[in-house]
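Hi,

Here is the structure I promised to pass on to you. Have a look at it first, and then read on for what turned up.

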Amino acid sequence: MNMEQVTDEAGLAALIASREAPLRIVGGGTRGMVAGNAEPLSVAGLTGVTLYEPGAMTLVVRAGTALAEVERVLDAEGQRLAFEPADWRGLLGTSGAPTIGGVVAGNISGPRRVAVGACRDFLLGVRFVDGRGRVIKNGGRVMKNVTGYDLVKLMAGSWGTLGVLTEVSFKVLAKPATEATLIRRGVTAAEGVAALTVGLGTPYDVTGAAWSGGAALLRIEGMAGSVTYRRDALARLLGAGWDAAEGADSAALWRDVRDVTPFAGRAGVVWRVSVKPTDGPRVLAALGDPEAVLDWGGGLCWLLMPEGADVRAALAPFGGHATRIRGHDPAPVFQPEPAPVAALSARLRAEFDPKGLFNPGLMT
Amino acid sequence: MQMPEPNPAILARKAEIVAALRAVLPGDAVIDAVSETRAYECDALAAYRCAPLAVVLPSSTEEVAAALRVCHAMGVPVVPRGSGTSLAGGAMPSADAVVLGVARMAEVLEVDYANRLIRVQAGRTNLSVTGAVESDGFFYAPDPSSQLACAIAGNVAMNSGGAHCLKYGVTTNNLLGVRMVLMDGTIVDLGGGHLDAGGLDLLGVVCGSEGQLGVVTEATLRILPKPEGARPVLMGFDRSEVAGECVSAIIKAGILPVAIEFMDRPCIRATEAFAKAGYPDCEALLIVEVEGSETEIAEQLAVIMAIARAHNPVELREAADEGQAKRIWLGRKSAFGAMGQINDYMCLDGTIPVSQLSYVLKRIGEMSRAVGLDVGNVFHAGDGNMHPLILYNANTPGDLERCEALGADILKLCVEVGGCLTGEHGVGIEKRDLMGVQFAPDDLDIQMAVKDVFDPAWLLNPAKVFPLASSAARRAA
């Protein structure tokens, strides 16, 4: 199949203005999330850092730039994307280089989301081409901005269905000096989440709270003295039976949670369920305790399920939503919305993309 | 400042409209006497006033829906109102509009410490959200300076910030869900106790939409465990660019203070005369506050003090105890009151990239001298959200107009250097006609298309946010 390629915003706008047939927007092509067989449009040619001011914690970058490149640029100044974007290549068996635009399109956020916020919370501004071929900007490069409607949040997590991102700007944060993780092995999901809840309810700034491989994990990051103090204070509160991992050992644990490494290369359908944190273990129980990784204090449930399992029926009493990240199944990929909300979403799509060009059918 | 002419057909039907509202709401929830509607003629942008057609004060989401259905059916504009503390005219009525106030809806509906959330009715005040959970060691982070009075409804509408958002973010980063009534009376729930959207992030676009997309009646808010302690340091510098460099150096060192506040000489002098906080008489003053346990505070302050010393401060003072901490904050917290003692003032709210701080301060000084109106600067330096205070005399003919013109020029400067018109107050009517400075016509058109989706007849708070000329066709349709 042909792949449309663009290397600048104006060329992209012209292509879309005259385009009548649907397009599948591709950054690095590592996140799955494909509906239908529309012709792919690669935006991986829109690359480069437009502006980076470490002293203002601000990064502006073109959407096709590789995530690895963004991380390299930030790392050189001792900074990072605080929302900890995941790499799904292992989980999905995809290859290629994840792009920063793909991270924004999927609002891809890792374990630190529970403490500091998601991709959408660090996204300061966007430029995108809408379905009429107009270049639109919203937000900007400053941290506090309430000028006009916040389409930045709307674009984050819209999976390319509202427009094609060309440039994104972020608030970035300093990398902490060190980190430590408290680990309690051999606990059930319910026991694990109970302990995570205790940790998240303390003033010790827990920046990761997960249950994986039967172990509860609580992460502390910061300056060395502060990490030691908080790790010890938290350990005293949690009681006996907890081990600690430090530095690189701690970081490796969280990479596995972030990327859902336990499911890589395994057969089955992968579901991503988002609920109130304390409902995480209840959802697992309602589904007969499938293999699972719980993040965000229990609120983000990664499930490895057989084909055809009715995850959404089990989820119904708890609210929240389920998205199928990998595998075939008759159920829709995204959670069907209540009628009035679905109507608003459909009308927004019709306004942003009147010709129905962008990833049609993906989110509906 | 212009408002559209009120629709004479609506004014003529006042009795009929009021009767229809009375038919669906309790008797005391509908106000139409001219002597009483005047209490709703303005918000905190008090230079502009207009009494509404009527006021409704519903007590439940269902009553809000009933009132909106009536107004929708009769084509009557509705202006939602929280506590009326908007500095941008967000709650200012028009003569043909019904004000819908949510002040009677102030209950706490649910407190869930295990999931670190609270669900409240939207009329509840910001500070009383923290009040409901602080005895258990939690707090609600966004802290606009009007927090004693302002309602969560208004905070959501304006995406309010505060002094501590450098670390904790603004309203949108602490809002998990809303129950909202659309103009046609449809009730929708967006978000909830979970941490992300399952489809399009409609909650994200509702927050900060200035009451133009729906009436928020309930909000689910993130609450956080209170830090163990906090301590400020005060630094004085003889040049504002050095203060700006010091802010950058602190951030680059990897410290994220909970607040970095800046005051310039006119502001320092005014607050010293008023509050006698013992501030040094210098060109620029920073208050930097860090949080944590005693160990953590000491560790962070050691780094911050070393950076400050390297910038040759004329004064460097660490609070040794609670009393000294209070004195350091005293001047900053009295700054607006102190400036108000000197004269009337207009408070701007533009944000700039932190790197442009000294250039913008220099330009504001030049512009202020050229116009002959004094400007004091007090603001959140860590995030670049400036609050220039322009002093003027409301009794001097022409002074308000000169002040507004200077304000507009300062905001244009903020946009020019890469910033924006408003960091936390909102656009309202105040900055509506400057939107074209920051946005191209297409940028505004797609925002207005979002309003078309939620409120096709443009009845909710219609003459706000967008330049009147840009929205005219939609409002008339």
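Into which domains is chain B divided? Please keep in mind that this is a predicted model. Chain B has domain 1 (8-103), domain 2 (108-225) and domain 3 (230-416).

Let me start with domain 2 and domain 3 of chain B. Their centres, taken over C-alpha atoms, are 28 Å apart. On the domain 2 side 7 residues are in contact, and they meet 11 residues of domain 3 of chain B. About 780 Å² is buried between these two domains, and carbon and sulfur atoms give 61% of that area. Three residues stand out here: His164(B), Leu166(B) and Lys167(B) supply 67% of the area that domain 2 of chain B buries against domain 3 of chain B, more than any other three residues.

The other thing to show you is a pair of helices from two chains. Helix α13 of chain A (residues 339-352) packs against helix α16 of chain B (residues 441-454) at an angle of about 150°, and their axes are 9 Å apart. Angles over 145 degrees count as roughly antiparallel, so that is how α13(A) and α16(B) run relative to each other. From α13(A), the contact is made by Leu344(A), Arg347(A), Leu348(A), Glu351(A) and Phe352(A), while α16(B) brings Ile446(B), Ala449(B), Val450(B), Asp452(B), Val453(B) and Phe454(B). Sorted by class, this contact has 8 nonpolar and 3 charged residues, with no polar ones. The crossing of α13(A) and α16(B) is right-handed.

Enjoy exploring!

Best wishes

Note on methods: Residues are numbered from 1 along each chain as its sequence is written. Chains are lettered from A and ligands numbered from 1 in the order in which they are written. This is a predicted model: local features need pLDDT of at least 70, side-chain atom pairs count only at pLDDT 80 or more; totals for chains, interfaces and linings use all residues. Side-chain values use heavy atoms; hydrogens and water are left out. Axes are lines fitted to C-alpha atoms, for helices over the stretch in contact, and angles run from 0 to 180 degrees between N-to-C directions. Helices (H or I, at least four residues) and strands (E, at least two) are DSSP runs, numbered from the N terminus. Angles under 35 degrees count as roughly parallel, over 145 as roughly antiparallel, 65 to 115 as roughly perpendicular and the rest as oblique. A crossing is left-handed if the near helix is turned anticlockwise from the far one by less than a right angle, and right-handed if clockwise. Contact means heavy atoms within 4.5 Å. Ala, Val, Leu, Ile, Met, Phe, Trp, Tyr, Cys and Pro count as nonpolar, Asp, Glu, Lys and Arg as charged, and the others, Gly among them, as polar. Domain bounds come from an automatic or database domain assignment. Buried area is the accessible area (1.4 Å probe) that two parts lose on being put together, summed over both.
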